[in-house]
Amino acid sequence: MGRLVVVSNRVPVPDKGGIAPAGGLAVALKVALEEHGGIWMGWSGKSSGEHEPQPLAQLQQGNITYALTDLTDTDFEEYYQGFANRVLWPICHYRLDLAEYGRKEMAGYFRVNRFFAHRLAPLVKPDDVIWVHDYHLIPLAAELREMGLKNRIGFFLHIPWPPADVLFTMPVHEQIMRGLSHYDVVGFQTDHDLENFAGCLRREGIGDELGGGRFSAYGRVFKGDAYAIGIETAAFAEFAKKASTNKTVKRTRESIGNRSLIIGVDRLDYSKGITQRIDAFERFILANPAQHGHVTYLQITPKSRSEVPEYEAMQRMVAEQAGRVNGAIGAVDWVPIRYINRSIGRHILAGLYRLGKVGLVTPLRDGMNLVAKEYVAAQDPDDPGVLLLSRFAGAARKLHGALLVNPYDIEGTANAMARALSMPLEERKQRWKTMMDHLLEHDVTRWCQDFLDDLTGRPNEPGEHSNGGQAAYPAKTGIEASD
């Protein structure tokens, strides 16, 4: 392949010292970009107000060019706040009740994708391979094709893909499906997402599966597959081990004392099931009087999209709910729920994960959920905690050692907490090892290479990725908490 061109809504630009923001995705893509040389293009996060954005700002770091564009206030409101986050996001997370359609916002979404294409095209060479990321940029390939680009272009969706009856409630679903057909490879997090996509093609009579992971639609043939994104497993495990000496982690451990720690870490979003989780914790305490005063639930929830009214309202609701539970079941010397509504550095989070006897990851719907994988990687092999994982998170398809729960079942989740805290050491070790072995083999670098191999047409070696890796794992996707 020639150079790699990555396009995403936001770009993790290195600071003045050349250090890029931490995170598995950024690490993997940066390694791939350094290997092949290339460009990472996206929105700068800044607004040009009412004026047309200035030319692309370009920053060269080694053989990587970071190319950033501002957006106008109108672009931000219609493309990002409007269609991306108030239509596509809720639809893909099965929340039809929260989707707010508007023709102006829909037009803005497609207009900004056209704007991105016109800014990107002059930078692209004929042998470059283009990799587009996430729901903000679904129409980008169609716009590039319209401009005459014949490069190999791949797309990866980081969030869930809904079934036909959900997707088709969106007035422009046909344009979205057509947009995906212009890619050479379309990647999803799980086999379930891939099945939903295939079902959408069949239901509308616009395409079909040809076998071998190939699809046809709108006169084009392309590959579709599941590529479960991973984390930098070995590095994060070492990170967590060293984090035990961090001052904040040490103070947290001392303040918890002999209490068991249940930890949840989520961006503030209605898809994460935070209110249901708090209800389940309250139910657990009320049903298990012996745990009163002996367990602490730490919920870390940084603010998210506070400019969107639904998120601002949710922030108030979660804070009020945590306060109500603390007031109802707490004691003078015991605060049951510690609720932190701000960002915490990954080096501290890694140490906090390691303190947690239970990792509570219970989204109502999630594409993958890397917190689940980070929690597992952070554990002490000699005394690992237990992962409580929503069956509706993409991670549940691979983390077979987790206790799977239905986040809508408050009593069932409460019972799973009790089971996790009383689980024997040998069972905890066995469950953890099953998950850790998988995460070590299927880390973020493997995910990145698998996708690029398919995009560039390089045949996989025996035993490597094929059909989303499904053949290598049994159909059973975990152990239900009620088993």
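Predicted model: local features only at pLDDT ≥ 70, side-chain atom pairs only at ≥ 80, totals over all residues.
Reader: Now the side chains. Which residues of α15 are buried?

Author: An α-helix has 3.6 residues a turn, so residues three or four places apart point the same way. In this model, the buried residues of α15 are Arg428, Arg431, Trp432, Met435, Met436, His438 and Leu439. They cover an arc of only 160° around the axis, which puts them on the same side of α15. Glu426 and Gln430, on the other side of α15, are exposed.

Reader: Nice, that gives me two faces to look for. At what angle do α13 and α15 pack?

Author: Helix α13 (residues 370–378) packs with α15 at an angle of about 110°, and their axes are 9 Å apart. That makes α13 roughly perpendicular to α15. As for handedness, the crossing of the two is left-handed. To find the contact on your screen, pick Lys373, Val376 and Ala377 in α13; they meet Trp432, Met435, Met436 and Leu439 in α15. You have met those α15 residues already: Trp432, Met435, Met436 and Leu439 are among the buried ones.

Reader: Can we try another pair? How are α9 and α12 arranged?

Author: Helix α9 (residues 247–256) and helix α12 (residues 346–355) pack at an angle of about 25°, with 9 Å between their axes. Angles under 35 degrees count as roughly parallel, and α9 and α12 are therefore roughly parallel to each other. Their crossing is right-handed. On the α9 side the contact is made by Thr248, Val249, Thr252 and Arg253, and on the α12 side by Ile348, Gly351, Leu352 and Leu355.

Reader: What do the buried residues of α3 pack against?

Author: First, the helix itself: α3 (residues 103–120) has 18 residues and spans 26 Å between its end C-alphas, close to the 26 Å expected. Its buried residues include Met106, Tyr109, Phe110, Phe115, Phe116 and Leu120. The buried residues of α3 pack against strands β1 (4–10), β2 (38–47) and β4 (64–71), and against helices α2 (73–92), α4 and α6 (173–181).

Reader: Let's turn to the backbone. What should I make of a positive phi?

Author: Most residues other than glycine have a negative phi. Here are two cases to look up. Asp134 has a positive phi of about 80° although it is not a glycine, and Asn369 has one of about 85°.

Reader: Where do Asp134 and Asn369 lie?

Author: Asp134 is in the loop between β5 (129–133) and α4 (140–146), while Asn369 is in the loop between β14 (358–361) and α13. At 13% relative accessibility, Asp134 counts as buried. Asn369 is buried too, with a relative accessible area of 8%.

Reader: One last residue, please. Is Phe281 buried or exposed, and which residues does Phe281 touch?

Author: Phe281 lies in helix α10 (residues 274–287). At 0% relative accessibility, Phe281 counts as buried. Leaving out residues up to four places away in sequence, Phe281 touches Ile262, Val295, Tyr297, Pro336, Ile337 and Met417. For a sense of distance, Phe281 and Ile176 are 105 residues apart in sequence and 40 Å apart in space, C-alpha to C-alpha.

Notes:
Residues numbered from 1 in each chain as written. Heavy atoms only, no water. Buried < 20%, exposed > 50% of the residue type's maximum accessible area, 1.4 Å probe, protein only. Helix = DSSP H or I, 4+ residues; strand = E, 2+ residues; numbered from the N terminus. Arc of directions from axis to C-beta. Axes fitted to C-alpha atoms, helices over the stretch in contact; angles between N-to-C directions. Parallel < 35°, antiparallel > 145°, perpendicular 65-115°, else oblique. Left-handed = near helix turned anticlockwise from the far one by under 90°. Contact = heavy atoms within 4.5 Å. Expected span 1.5 Å × (residues − 1).
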